[in-house]
Amino acid sequence: MTQKIYHYPFSSLPTAFADDRGTAARDKKRSVERLADLLILSPANLYKRMEEGTMPANQLAAWFHATGGKAVIRHLAVQAGGLFIPLPTGRATAPLDVAALQSVLNQSIGALLAFMQGTATQQDAVAALTRGLEALALEREQVKKSDQPELDF
């Protein structure tokens, strides 16, 4: 099982689009030109929408599918006062998963303490606490679904 990576909430929608674009390039080997083809846009139009954060809502599902990224949806969830929790698979948790979770939770508590001492900003503390909540909520759902694991396809 691969180690889970818990991402940070993003400060702006353009930053989230840039992260998803990076995920597409890294994981799916897709350039902006290829993403534009999949979204039936010109590359210039796609760049403009990413930079301005003006992607129409009816194209977001295609964006998620084309990039494989979750930064935009995570940003939107946080802006709506919620959390993004991927659907659990019910697979057994590996030691590396627990180590990653523990690291994220330690960082969250550290950021809270730093904020209380006046050495961290409110934005940094909220971002760290959000990461911790998302990570813990995902693992909670994994445990709840452990008796119904999904198959790999």
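Modeller: A residue is called buried when its relative accessible area is under 20%. By that cut-off, buried residues make up 35% of the 153 residues in the chain. Please keep in mind that this is a predicted model.

Biologist: How many helices and strands does the secondary structure come to?

Modeller: There are seven helices and zero strands. The C-alpha trace spans about 45 × 45 × 25 Å along its principal axes.

Biologist: And what share of the accessible surface belongs to carbon and sulfur atoms?

Modeller: That share is 59%, out of an accessible surface of about 9,300 Å² for the chain.

Biologist: Let us go inside. Which residues have the most contacts inside the largest nonpolar core?

Modeller: They are Phe17, Leu46, Met55, Trp63 and Val72, in a core of 17 residues. Helix 1 (13–27), helix 2 (32–38), helix 3 (43–52), helix 4 (57–67) and helix 5 (71–79) each supply at least two residues of this core. Helix 1 gives the most, with four residues.

Biologist: What is tryptophan 63 in contact with, leaving aside its neighbours within four places in sequence?

Modeller: Its contacts include Phe17, Leu46, Met55 and Val72, which are also listed with Trp63 among the core residues with the most contacts. Tryptophan 63 is in contact with Asp20 and Arg21 as well.

Biologist: What does the side chain of threonine 67 reach?

Modeller: It reaches the backbone nitrogen of glycine 69, at 3.0 Å. Not counting residues up to four places away in sequence, threonine 67 also touches Asp20, Thr23, Ala24, Lys28 and Leu35.

Biologist: Changing topic, how many salt bridges are found in the whole structure?

Modeller: The search finds four. In one of them, the side chains of glutamate 134 and arginine 74 meet at 2.9 Å, N to O. That pair links distant parts of the chain, with glutamate 134 in helix 7 (residues 122–144) and arginine 74 in helix 5, 60 residues apart.

Biologist: Are those two partners, glutamate 134 and arginine 74, buried or exposed?

Modeller: Glutamate 134 and arginine 74 are both buried.

Biologist: Which residues are linked with Lys144 in a network of salt bridges?

Modeller: Arg140 and Glu141 are linked with Lys144 in that network. The closest N and O atoms of lysine 144 and glutamate 141 are 3.7 Å apart. Both of these residues lie in helix 7, three residues apart, about one turn of the helix. Lysine 144 counts as exposed because its relative accessibility is 52%, whereas glutamate 141, at 22%, counts as partly exposed.

Biologist: Why does methionine 116 count as exposed?

Modeller: Methionine 116, which lies in helix 6, counts as exposed because its relative accessible area is 61%, and exposed means over 50%.

Terms used: Residues are numbered from 1 along each chain as its sequence is written. This is a predicted model: local features need pLDDT of at least 70, side-chain atom pairs count only at pLDDT 80 or more; totals for chains, interfaces and linings use all residues. Side-chain values use heavy atoms; hydrogens and water are left out. Buried means under 20% relative accessible area, exposed over 50%, partly exposed in between (1.4 Å probe, protein chains only). A nonpolar core is a set of buried Ala, Val, Leu, Ile, Met, Phe, Trp, Tyr and Cys residues joined through side-chain atoms within 4.5 Å. Contact means heavy atoms within 4.5 Å. A polar contact is a pair of N or O atoms within 3.5 Å; within protein, one must be able to donate a hydrogen and the other to accept it, and residues adjacent in sequence count only if both atoms are side-chain atoms. Accessible areas come from the Shrake-Rupley method with a 1.4 Å probe; for residues, only the protein chains shown count as cover.
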